[in-house]
Amino acid sequence: MSTAGEPPLSARRAARLAVVQALYQMDIAGTDLNDVIGEFLSFRLTPDAEDQTLAHADRQLFADVLRGVLRRQREIDPQIDRQLAEGWRLTRIDSILRAILRAGVWELLERPDIPWRVVITEYLEVAKSFLDDDGPRVVNGILDRLARQIRQDASKKDGP
């Protein structure tokens, strides 16, 4: 999270940060998708929110990524699983790390208009907000490998 003296987050980065928080909340508390979207849009992503970090988040990006991750989670999770170290499974890693990876992979799959290096950088910065030194390295490594696969596969589909 930004602290005093730091520039405010961009609307897109704030949305990504909110997505990770919402996915975490849904994972830990079992909150329903529509309930969590309603809560964030009504209370957390507003100019009068108690925590101003997310106040100016891109509300559309927030809802799109959150809905998209849930819609494609059965496809996303195995892709992440294959990138984890031997003996590790997505269900065993930290909930925040899992949320960051899911959101990042969704953007790589669904938002070809956003350069893959930008997606990785954005989620790397989100990871730095929540995780210690190893977490951002894991995010960078996994998203980098998946970006190359996903975007290469997409370019093959587009033809020569």
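Predicted model: local features only at pLDDT ≥ 70, side-chain atom pairs only at ≥ 80, totals over all residues.
Reader: How many helices and strands does the protein have, and how do you know?
Author: Helices (H or I, at least four residues) and strands (E, at least two) are DSSP runs, numbered from the N terminus. By that rule the protein has six helices and zero strands. From the N terminus the order is α-α-α-α-α-α.

Reader: Why does the radius of gyration agree with a compact globule?
Author: The radius is taken over C-alpha atoms, and the globule rule is 2.2 Å times the number of residues to the power 0.38. For 160 residues that gives a value near 15 Å; the protein has 15 Å, so the two agree. Along the principal axes, the C-alpha atoms fill a box of roughly 50 × 40 × 35 Å.

Reader: What makes H56 exposed?
Author: Buried means under 20% relative accessible area, exposed over 50%, and partly exposed in between (1.4 Å probe, protein chains only). H56 has 56% relative accessibility, so it counts as exposed. H56 sits in the loop between α2 and α3. Its C-alpha is 20 Å from that of D35, 21 residues away in sequence.

Reader: What does H56 contact, leaving aside its neighbours within four places in sequence?
Author: Contact means heavy atoms within 4.5 Å. With those neighbours left aside, H56 is in contact with A11 and P47.

Reader: Why is R12 called partly exposed?
Author: R12 is at 34% relative accessibility, so it counts as partly exposed. R12 is in helix α1. Beyond its neighbours within four places, R12 contacts D58, L61, R111 and I114. L131 is 119 residues along the chain from R12, and their C-alpha atoms are 20 Å apart.

Reader: And what class does R13 fall in?
Author: R13 has 23% relative accessibility, so it too is partly exposed. R13 also lies in helix α1. Its contacts, neighbours within four places aside, are E122 and E125.

Reader: Why does the length of α1 agree with its residue count?
Author: The expected span of a helix is 1.5 Å times one less than its number of residues. Helix α1 (residues 11-29) has 19 residues and should span 27 Å; its end C-alpha atoms are 26 Å apart, which agrees. G30 follows α1, with a positive phi near 70°.

Reader: Which residues of α1 are buried, and what covers them?
Author: The buried ones are A14, A15, R16, L17, A18, V19, V20, Q21, A22, L23, Q25 and M26. Their cover includes α2 (33-44), α3 (59-81), α4 (95-110) and α5 (116-130). Across the protein, buried residues make up 45% of the 160.

Reader: What makes D134 partly exposed?
Author: D134 has a relative accessible area of 47%, so it is partly exposed. D134 belongs to helix α6 (residues 134-157). I120 is 14 residues from D134 in sequence and 16 Å away, C-alpha to C-alpha.

Reader: How many positive and negative side chains are there?
Author: Lys and Arg count as positive, Asp and Glu as negative; His and the chain ends are not counted. A charge is placed at NZ of Lys, CZ of Arg, CG of Asp or CD of Glu. On that count there are 23 positive and 26 negative side chains, with the centres of the two sets 6 Å apart.

Reader: What share of contacts joins residues at least 24 apart?
Author: Among contacts between residues at least 6 apart in sequence, the share is 67%.

Definitions and conventions: Residues numbered from 1 in each chain as written. Heavy atoms only, no water.
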